[in-house]
Amino acid sequence: MDAAQLQHGIAMKAPILALDFDETIAARDTTDDIVRLAAASRPPKEARALLDLWGRSVREYRHERRRIIQAALDAVPRGGLLEARVKRFYAELDAYERSAVDAVEKAGILAGIRRSALKEAGRRTPTREGAREMAERWRRNGGRAVVVSANWSEDLAREGSGIDDVRSNTLEFDRFGVSTGRIHRRVVSAMDKRACVQQMRASGGRVVYVGDALNDIPALLEADIGFLIGGKEETRRVWESLAISVQYVERVDPHAPASDRLYVCLSEHPFE
């Protein structure tokens with residue numbers, strides 16, 4: 001084995017800190033930011049129409065999503081293996097998330113955005129205090145930092161997180177660097193995030209995953225260590241209904257012992 005092969009093997013087995021982007025690294029969800037960039041690329045009348053369409057779509061999406069979540073919770077089997085409960089709950093929800101992306105593409109909502117504008121929006125995105133610093137310390141100590149996100153823009157997430165390895169979706173661009181409205185999909189659903197963690201674990205390194213929402217739960221359970229930050233009522237209802245064991249902690253600690261439980265951190269400053 002030569003030096004390059006040895007170095008590659010070491011890198012493949014380095015421990016991984018995987019983080020969601022929106023509301024985990026970023027202090028807020030950036031979906032509206034992306035849509036506003038699309039609106040800004042259009043004449044005023046078209047921009048207003050686009051934002052009105054987007055507002056209606058978001059309200060309809062949230063209403064239907066709440067209905068699907070409740071129906072899925074009601075249908076969760078009691079007892080049996082946790083794996084079966086998780087798969088049963090996320091089956092319909094994941095299908096709905098995919099159909100929502102279909103609708104965004106069909107409506108052309110994301111057309112007209114310059115790639116440079118997405119990168120600039122990422123650099124302006126406010127982040128949770130200590131999140132980027134934790135990822136940087138992890139890298140300095142020999143680990144790998146990765147973003148796993150259902151965000152529509154890999155460019156925005158990369159600039160906003162300061163992390164090069166981003167497993168996310170990306171907009172399609174024409175030869176002038178302007179978005180066509182189509183999305184190259186890599187991570188749309190909760191089970192897509194879980195598949196990313198499965199791939200990372202297959203490389204041989206320990207995986208620590210940090211997320212904030214119910215679409216992070218399968219990835220959190222798949223990781224060697226999973227930290228769920230924030231106190232969203234929706235997320236709490238899901239882990240309780242799925243009978244997932246949790247342990248409350250004060251801060252995210254990537255060096256914590258591996259556990260089948262979710263580490264739940266309700267602090268407003270989880271990365272300090």
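Here is a short chat about salt bridges in a predicted model.

Visitor: How many salt bridges does the structure hold?
Guide: This is a predicted model, where local features need pLDDT of at least 70, side-chain atom pairs count only at pLDDT 80 or more, and totals for chains, interfaces and linings use all residues. Residues are numbered from 1 along each chain as its sequence is written, and side-chain values use heavy atoms, leaving out hydrogens and water. A salt bridge here is a side-chain nitrogen of Lys or Arg within 4 Å of a carboxyl oxygen of Asp or Glu. The number in the structure is 29.

Visitor: Which helix holds both Arg 139 and Glu 136?
Guide: Their side chains meet in a salt bridge, 2.5 Å from N to O. Helices are DSSP runs of H or I with at least four residues, strands are E runs of at least two, and both are numbered from the N terminus. Arg 139 and Glu 136 sit three residues apart, about one helical turn, in helix α7.

Visitor: How far apart in sequence are the parts that Glu 154 and Arg 186 tie together?
Guide: Glu 154 forms a salt bridge with Arg 186, with the closest N and O atoms 3.6 Å apart. Glu 154 lies in helix α8 and Arg 186 in the loop between β6 and α9, so the pair ties together parts separated in sequence by 32 residues.
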